[in-house]
Amino acid sequence: AGGLRGAAPAFLIGPRDRVVIYGDSITAGVEYQYYPRSIEAYVRTRYPGWQGEIWNRGVSGDTAGNLERFRKDCLALKPDLVLFNMGMNDGGRSKDPAVALRLFVTNVTAVATTARAANPRLRLVLVSPILYETRGSGTRPQYAYVLRRLADEERDLARRLGLPFIDLNRDYGRTIGMTEALFPGTTSFSTDGIHPATTGGHLFIAIHILKGLGAG
């Protein structure tokens with residue numbers, strides 16, 4: 001299906017699209033499904049006649065290599081569009097960042113292959129993980145660099161596979177940079193370095209993903 005029309009001429013969510021937002025704890029949320037529900041709220045209010053569905057399929061601690069869950073939690077729903085937002089846990093799966101990056105690329109490639117085999121018309125959008133905030137408790141300063149490298153590898157992979165890519169790591173990081181400029185020395189959106197606060201980080205995740213999908 002073509003994208004919805006309006007102020008944004010190329011919005012990637014179509015009028016009857018079945019959409020799965022697939023990810024880890026960032027997607028799952030805590031008590032409330034924050035950024036996925038914000039995306040759904042935008043679509044349903046911006047396009048009142050929209051007849052599709054949006055599912056949140058985030059699971060805390062999961063990685064891109066869990067193909068069994070991808071088949072069960074995502075492909076079984078027969079989606080038209082999948083936002084694949086993984087990576088926050090993948091970068092730490094090996095003590096050697098280079099090994100972790102290679103494994104991530106291998107796993108995401110397998111996801112794309114599996115998705116196309118299930119439905120050649122399925123539209124898969126790769127979404128990079130957000131950045132790691134080094135001022136959070138239990139900080140691991142090097143992990144911010146690992147996630148940036150991971151986002152770069154995912155961008156290059158998306159180009160090779162011909163898939164849309166949303167660099168959430170870069171865009172979300174720019175938002176945090178502005179926050180730091182306004183409020184120096186504060187933890188911008190997260191207290192643990194990973195999970196965004198509900199009133200700030202998740203809203204900006206939704207905004208940047210919607211922009212990446214072509215929303216006006």
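**View 1. Phe11 and Ile209 in the largest nonpolar core.** Among the 34 residues of this core, Phe11 and Ile209 touch the most other members. A nonpolar core here is a set of buried Ala, Val, Leu, Ile, Met, Phe, Trp, Tyr and Cys residues joined through side-chain atoms within 4.5 Å; buried means under 20% relative accessible area, exposed over 50%, and partly exposed in between (1.4 Å probe, protein chains only). This is a predicted model, where local features need pLDDT of at least 70 and side-chain atom pairs count only at pLDDT 80 or more, while totals for chains, interfaces and linings use all residues. Residues are numbered from 1 along each chain as its sequence is written, and side-chain values use heavy atoms, leaving out hydrogens and water.

**View 2. Arg69 and its two salt bridges.** A salt bridge is a side-chain nitrogen of Lys or Arg within 4 Å of a carboxyl oxygen of Asp or Glu. Arg69 meets Asp62 at 2.4 Å, N to O, and also bridges to Asp73, with the closest N and O atoms 3.1 Å apart. Asp62 and Arg69 are both buried, and Asp73 is buried too.

**View 3. Arg149 and Glu153.** These two form a salt bridge, their closest N and O atoms 3.7 Å apart. Arg149 counts as partly exposed because its relative accessibility is 31%; Glu153, at 25%, also counts as partly exposed.

**View 4. A salt-bridge network.** Arg148, Asp152, Arg155, Asp156, Arg159 and Asp167 are linked together by salt bridges. Looking at the whole structure, you'll find 12 salt bridges.
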